[in-house]
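This report concerns the pockets, the cavities and the ligand site of the structure shown below.

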Amino acid sequence: MHYEKTFWGYTTEGIPVDLYTLRNDKKVMVQVTNYGASLVSLYTPDKNGNIEDVVLGFDSVVDYEKLTPYNPFFGATIGRYANRIRKGQFSLDGKTYSLSQNNGVNHLHGGIKGFQKQIFKATPFVTPEEISIQFKRLSHDGEEGYPGNLKVSITYTLTKNNELKITYKATTDKTTIVNLTNHSYFNLTGEGNGDILDHQLMIAASRYTPVNETLIPTGDLLPVKDTLFDFTSPVSLRDPIAKLKKLSFEGYDHNFVLDKNGENISLAAKISEPLTGRVMEIYTTEPGIQLYTGNFVDTYGKEGKYYGKYSGLALETQHFPDSPNQQDFPSTILKPGELYFSQTIYRFSIS
Ligand code: BGC
């Protein structure tokens, strides 16, 4: 288990940015950066021992600085609020807060300069079992319209058992809302090697949150049974995406309600890719997971490779979209004296 820190480049404002490379003895290699506390690369072996990078991304920090659609949040930590908040508004203790409306009328992924565009302070921790890089920053009161000084840490840990663990913690000095996630797009054949349509997906969710035309939940939790949202047993994505297209949806962009018993970490999703034999399981403490099949990806990534529609799929562990405006959804409110804690583990294996 070892890591190295290298200088990666400067932001357009001239701020130096580092890349941390973490390796275990089983040929898994993870690269993370203090720019956006982002996951840049994740190399894993396939069934023949070929090592490939299974996440979409860019070679330089300047590319990560660009906005969507050029950079659709590749690998980034999303905060303070992952996913959408209706019309960028919510109320806490009788006060209404206005956030940027950066996705039509709605607020998306923490705003224009959300966590994905911020610089974090990095601290490594190494034990014989695992290596961690902890990224910390203070998100000041009023940043992107959110109340409270929020102290946040995001820790990436590579274990000797081929797990990548992301642990999120936050505290605040004023009542606020928090919903953090990671926005990696996975392609288990290797990034740039085509699409994810033959990946098989299981999501441990018997309900999902249907949305309106601007992708804001209606508030219902509908059963997935007998619908295109039923991933309770593994499903190859090609056929359901073709059916969704006939219904004028480009692909999946939906939150699933995980079948959980309390807040313990549990299996949320599993992707397998038949040709390479790569398997990734996702375990989380979160109540929901967003499946986004890269419906609008259209950019050039690492080594100039073209990434089109469905070139990667994001599975974002999260609280449900627009929870601050939905009384019946699990709460995303964080009060002074409380600790926000969220953990997601990506476990890699071969079938
Ligand atoms: C959202 C999509 C959005 C994408 C941005 C996803 O998390 O669910 O609606 O287009 O991020 O790249």
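The largest pocket has a lining of 33 residues, and those nearest its centre are Arg84, Asn103, Leu108, Asp253 and Tyr292. The model is a predicted one. About 660 Å³ of space lies in this pocket. Strands S22 and S25 (288–292) each supply at least two residues of its lining. By class, the lining of the largest pocket comprises 13 nonpolar, 14 polar and six charged residues.

**Ligand site**

The ligand takes up the space of the largest pocket. Around the ligand stand Pro72, Phe73, Arg84, His109, His183, Tyr185, Leu215, Asp253, Gln290, Tyr292 and Glu316. Five residues of this shell are nonpolar, three are polar and three are charged.

For Pro72, a polar backbone atom is 3.4 Å from an oxygen atom of the ligand. Tyr185 places a polar side-chain atom 3.2 Å from a ligand oxygen atom, and for Asp253 the corresponding distance from a polar side-chain atom to an oxygen atom of the ligand is 2.4 Å. Taken alone, the ligand exposes 310 Å², of which the protein buries 92%.

**Second largest pocket**

The second largest pocket has a volume of about 470 Å³. It is lined by 20 residues, with Glu263, Glu286, His319, Ser331 and Phe341 closest to its centre. Strand S29 (333–334) and strand S30 (340–350) each contribute at least two residues to this lining. Its classes are nine nonpolar, five polar and six charged residues.

**Cavities**

Two cavities of 30 Å³ or more are counted.

| Space | Volume |
|---|---|
| Largest pocket | about 660 Å³ |
| Second largest pocket | about 470 Å³ |
| Largest cavity | about 40 Å³ |
| Second largest cavity | about 40 Å³ |

Tyr35, Ser38, Tyr64, Asn71, Phe73, Phe74, Ala76, Gln116 and Lys117 line the largest cavity. That lining divides into five nonpolar, three polar and one charged residues. Phe73 also belongs to the residues surrounding the ligand.

The second largest cavity is lined by Asn83, Arg84, Val211, Leu215, Asp253, His254, Asn255, Gln290 and Pro321. Strand S22 (residues 253–257) gives the largest share of this lining, three residues. By class, three of the lining residues are nonpolar, four are polar and two are charged. Arg84, Leu215, Asp253 and Gln290, named in this lining, are also among the residues that surround the ligand.

Terms used. Residues numbered from 1 in each chain as written. Predicted model: local features only at pLDDT ≥ 70, side-chain atom pairs only at ≥ 80, totals over all residues. Heavy atoms only, no water. Near = heavy atom within 4 Å. Polar contact = N/O pair within 3.5 Å; in protein donor to acceptor, adjacent residues only side chain to side chain. Areas by Shrake-Rupley, 256 points an atom, 1.4 Å probe, with all protein chains shown as cover. 1 Å grid on protein atoms, 1.4 Å probe; cavity = no way out; pocket = protein on both sides within 12 Å on 5 of 7 lines; lining within 4 Å. Sits in = over half its atoms within 2 Å of the grid points. Nonpolar A, V, L, I, M, F, W, Y, C, P; charged D, E, K, R; others polar. Points joined across faces, edges and corners; volume = space filled by probe spheres on them. Helix = DSSP H or I, 4+ residues; strand = E, 2+ residues; numbered from the N terminus.
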